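Thanks for making time this morning.

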Amino acid sequence: MTPSVLFHAKENPRARIWVKLEGQNPSGSVKDRAAIYNIKGAIKRGTLVDGKTILDASSGNMACSLAYFGAVMGYPVTVVCSSKLTEDKARFIQYFGAKLLKIGDYTIDGNRYCRNTLMASEPERYVFLDQLHNWDNSLAHYETTGREIMADLPDVQVVVGSLGSGGTMNGVARFIKERKSSIKIVTVEAAAGTKIPGTGAFADGDFITPFIEQLWRDGLVDHRCEVTIEQAQIKTKELAAQGFFCGIQAGGVVEIAVRIATEQNITGDVLAIAGDTGWKNMDKLITL
Ligand SMILES: Cc1ncc(COP(=O)(O)O)c(C=O)c1O
């Protein structure tokens with residue numbers, strides 16, 4: 001259970017913007033939830049057994065989660081990351097003893113490398129978790145994140161989160177809409193030409209997973225919003241000034257939460273899911 005903390009939006013003092021601090025998870029991000037569900041799912045199915053190496057591709061936070069849980073649970077881990085990986089995350093992965101490979105500019109490049117190269121050459125060595133297609137990713141958020149939000153803020157009117165793999169918002173949206181369809185689900189994407197961790201820029205070629213397709217196809221998203229890197233950076237600084245030590249993704253989702261609350265004249269509870277902690281992003285934050 002991660003805490004939700006009230007943010008004071010100076011441009012809209014009537015809005016009640018809550019920030020759910022996913023950086024409080026053990027390895028510092030929301031991806032811990034999907035990682036543990038993907039690992040436990042593989043154990044349950046009998047594919048992950050002693051001696052096998054956990055394998056997946058990630059833009060960074062999932063790689064940290066797998067390195068951490070692999071070390072704790074006694075499995076070797078190989079992670080394939082893209083050029084977007086921050087220095088801080090690379091050091092974390094190294095500290096927890098995982099093997100790190102750098103392939104391509106998108107997580108899907110690494111995903112294909114896992115499937116077509118590593119799995120093809122050594123199928124008996126690896127268990128490829130495949131977070132971009134593995135429904136345990138979304139299940140984690142259906143069973144934990146969505147449930148926590150409803151328990152913490154039963155009167156929440158709007159839930160805002162970014163789309164990376166889409167696992168978080170798929171699970172959260174399905175859980176919430178099944179219980180109270182009037183709650184608005186708002187997803188955040190990066191504007192074209194913008195790189196924000198955990199926030200896909202789909203116009204620029206970021207991969208659209210089955211979880212994102214389902215969100216769009218089944219009408220689970222009330223508003224699709226875009227944020228620029230400048231807007232995300234400004235809000236991240238405002239968050240920091242109020243004591244929130246989060247990554248740039250948090251600035252993006254809080255910017256959109258304030259925008260929606262203002263546009264829709266909402267005075268009740270609005271929740272933004274902040275995906276990770278600041279220390280994972282110091283090489284980006286320090287330049288702000
Ligand atoms: C900081 C951060 N926030 C949010 C997300 C989005 O999570 P999901 O992959 O479940 O869409 C990610 C995913 O990489 C992330 O790293």
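Let me begin with a term: a crossing is called left-handed if the near helix is turned anticlockwise from the far one by less than a right angle, and right-handed if it is turned clockwise. Helices here are DSSP runs of H or I with at least four residues, numbered from the N terminus. With that in hand, the crossing of helix 2 and helix 3 is left-handed.

Before going on, a word on what you are looking at: this is a predicted model, in which local features need pLDDT of at least 70 and side-chain atom pairs count only at pLDDT 80 or more, while totals for chains, interfaces and linings use all residues. Residues are numbered from 1 along each chain as its sequence is written, and side-chain values use heavy atoms, with hydrogens and water left out.

Staying with that pair, the axes of helix 2 (residues 61-73) and helix 3 (residues 87-95) come within 8 Å and cross at roughly 15 degrees, where axes are lines fitted to C-alpha atoms over the stretch in contact, and angles run from 0 to 180 degrees between N-to-C directions. Helix 2 and helix 3 are therefore roughly parallel, a label given to angles under 35 degrees, with over 145 counted as roughly antiparallel, 65 to 115 as roughly perpendicular and the rest as oblique. On the helix 2 side, N61, A63, C64, A67 and Y68 meet K89, F92 and I93 of helix 3, contact meaning heavy atoms within 4.5 Å.

How do helix 1 and helix 2 cross, left-handed or right-handed? Helix 1 passes helix 2 in a right-handed crossing, and the residues in contact include K31, A35 and I39 of helix 1 and N61, L66 and F69 of helix 2. Their axes come within 9 Å and cross at roughly 50 degrees, and the two helices are therefore oblique to each other.

Helix 1 (residues 31-44) also packs with helix 5 (residues 136-152), at an angle of about 130 degrees and with the axes 8 Å apart. This crossing of helix 1 and helix 5 is right-handed, and among the residues that make the contact are K31, Y37 and G41 of helix 1 and L139, H141 and E148 of helix 5.

Finally, the ligand: of the 14 residues around it, K31, N61, S165, G166 and T168 come nearest, a residue being near if one of its heavy atoms lies within 4 Å. An N or O atom in the side chain of K31 is 2.6 Å from a ligand oxygen atom, and a polar side-chain atom of N61 lies 2.8 Å from an oxygen atom of the ligand.

Conventions
A polar contact is a pair of N or O atoms within 3.5 Å; within protein, one must be able to donate a hydrogen and the other to accept it, and residues adjacent in sequence count only if both atoms are side-chain atoms.
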